[in-house]
Amino acid sequence: MRRGLALPLAMLLFTGVLLAQGFGDKPPVAVAPIGNVQMKAGASKSVSLDFRIGSEFHINSHVPKSPLLIPTVLKLSGPEQVTIADLKYPAGQDMSFSFSPDEKLSVYSGDFTIDAVVKAGTAAGTYPVKGELRFQACDHSACFPPRSIPVQFQVTVVK
Amino acid sequence: MKRNALVFVALFVAILAMLASGKYLDRTRKHGPLKLVGNVQGVQAPDFSLPSLDGRKVKLSDFRGKAVLLNFWATWCPPCKVEMPWFADLQKQYGQDGLVVLGVAMDDSEPATIAKFASEMGVNYQVLLGTNKVSDDYGDVQYLPTTFYIARDGTIVDKMTGLLGRKDIEDAVKKTLNANYKPASVPLNQADATMKQAVAAKGVSPRGASR
């Protein structure tokens with residue numbers, strides 16, 4: 001029985017390794033799943049969107065210190081019954097890196113949260129909100145071109 | 001039991017083949033076949049024709065006979081900034097020996113913005129405006145800075161990704177300058193005569209001859 005399981009298990013492990021290698025070009029930022037947001041008609045609500053940056057990376061904050069650096073920007077849009085009234089970005093951390101120890105950059109690293117203020121219309125229903133987070137990531141010695149990841153959630157408006 | 005195992009292995013291999021071909025097809029659909037992947041040393045550097053900041057078309061093949069340091073960079077890449085003054089120094093130091101530094105800006109910024117940035121970095125070498133095609137031809141250059149060291153005969157001597165130390169870069173420059181050069185179009189006796197004429201005219205020994 002043990003021998004019978006060894007081959008499938010070894011192959012499963014191998015497949016996992018291959019898949020992990022295949023996903024090597026995945027974005028270094030991921031968004032946590034967002035549940036269905038329940039709201040009363042006509043109300044406003046702050047929805048926290050949690051992002052995680054890969055451990056070796058950092059991305060520019062929403063307000064980088066140079067106009068040449070590409071800011072992190074979240075764009076969201078929904079149907080007429082759901083509007084994004086405001087987006088609240090966290091302040092960046094001023095950090096210096098080994099490639100330029102004398103220069104401080106305003107970055108996000110690890111986990112960060114952007115709060116989206118959602119305003120519901122008067123008609124009840126479930127509405128999709130879709131958009132993307134655009135960012136530009138670097139590690140300790142190099143940078144990747146700007147990338148975007150999709151961000152979406154649903155808003156259920158009740159009377 | 002043995003037959004079941006064989007069927008299982010066959011299925012497994014088939015799934016792996018499908019995954020691999022799917023990934024390859026996905027890449028080729030997006031970028032076309034990648035030309036420079038894996039170990040690129042000794043491979044002929046793909047020729048390109050890119051606009052320079054002053055609007056001229058510059059080809060890599062224009063520099064056949066020179067050692068070329070081809071640096072992919074961007075204005076939004078802080079580690080790239082660190083290398084640029086080093087490249088300017090190396091261009092000054094080894095230009096007479098036949099080094100040509102070419103910067104390829106993988107940037108969406110306006111040429112004027114790139115030119116201003118390059119000027120602030122003390123760049124004294126040609127900066128070209130990169131395209132997706134040249135990135136693809138050089139193996140889908142995503143990680144910046146990436147630098148190719150190209151010998152006088154157009155073959156790639158080395159490829160370096162990410163910021164390295166100045167000494168590593170200078171060592172690669174020296175290696176590239178000294179890489180075997182076999183002129184393809186000029187007969188050796190003619191090249192020798194041209195060299196002798198140049199020496200006679202200047203009355204000096206050619207740089208590098210005593211090294």
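The legends below describe close-up views of a predicted model. Local features are given only where pLDDT is at least 70 and side-chain atom pairs only at pLDDT 80 or more, while totals for chains, interfaces and linings use all residues. Residues are numbered from 1 along each chain as its sequence is written, and chains are lettered from A and ligands numbered from 1 in the order in which they are written.

**View 1. Chain B and its secondary structure.** Chain B contains six helices and seven strands; helices (H or I, at least four residues) and strands (E, at least two) are DSSP runs, numbered from the N terminus. Along the sequence the pattern is α-β-β-β-α-β-α-β-α-β-β-α-α. Of the 211 residues in chain B, 29% are buried. A residue is buried if 20 or more other C-beta atoms lie within 10 Å of its own, exposed if 12 or fewer, and partly exposed in between, with C-beta atoms placed from the backbone. Among contacts in chain B with a separation of 6 or more, 73% join residues 24 or more positions apart; two residues are in contact if their C-beta atoms, placed from the backbone, lie within 7 Å.

**View 2. The five-stranded sheet of chain B.** The strands of this open sheet follow the order E5-E4-E3-E6-E7 in chain B, and their pairing is mixed; two strands pair if DSSP finds at least two bridges between them. At the edges are strand E5 (126-129) and strand E7 (156-161) of chain B, each pairing on one side only. On average, neighbouring strands of this sheet are turned by 20° against each other, direction ignored. Strand E4 (residues 99-105) of chain B runs parallel to E5(B) and is joined to it by four bridges. B:Leu102 has B:Gln126 in E5(B) as its bridge partner. Helix H2 (residues 78-94) of chain B packs on the sheet, where it touches strand E3 (67-73) and E4 of chain B. The direction of H2 makes about 155° with that of E4(B); axes are lines fitted to C-alpha atoms, for helices over the stretch in contact, and angles run from 0 to 180 degrees between N-to-C directions.

**View 3. Helix H5 of chain B.** Helix H5 (residues 166-177) of chain B has twelve residues and spans 16 Å from its first C-alpha to its last, close to the 16 Å expected at 1.5 Å a residue; the expected span is 1.5 Å times one less than the number of residues. B:Ile169, B:Ala172, B:Val173, B:Thr176 and B:Leu177 are buried in H5(B). Down the axis of H5(B), the buried residues fall within an arc of 135°, so they line one face of the helix; the arc is that of the directions from the helix axis to the C-beta atoms. On the other side of H5(B), B:Lys167 and B:Asp168 are exposed. The cover over the buried residues of H5(B) includes E3, H2, E4, E6 and E7 of chain B.

**View 4. The largest nonpolar core.** A nonpolar core is a set of buried Ala, Val, Leu, Ile, Met, Phe, Trp, Tyr and Cys residues joined through C-beta atoms within 7 Å. The largest has 65 residues, of which B:Val104, B:Leu144 and B:Ile150 touch the most other members. Beyond its neighbours within four places in sequence, B:Val104 is in contact with B:Leu50, B:Leu70, B:Asn71, B:Phe72, B:Leu128, B:Gly130 and B:Val134. Another core, of twelve residues, lies apart from it and includes A:Val37, A:Val118, A:Val129 and A:Val155.

**View 5. The loop between H4 and E6 of chain B.** B:Pro145 lies in the loop between helix H4 (132-137) and strand E6 (146-150) of chain B. Phi of B:Asp140 is near 60°, a positive value in a residue other than glycine. B:Asp140 counts as partly exposed, with 18 C-beta neighbours inside 10 Å.

**View 6. The four-stranded sheet of chain A.** This open sheet has the strand order E2-E12-E10-E5 in chain A, with mixed pairing. Strand E2 (37-40) and strand E5 (73-77) of chain A are at the edges; each has a single partner strand, so one side of each is left without a neighbour in the sheet. Strand E10 (residues 125-135) and strand E12 (residues 147-158) of chain A form an antiparallel pair over eleven bridges. Within this pair, A:Leu133 stands opposite A:Ile149 in E12(A).
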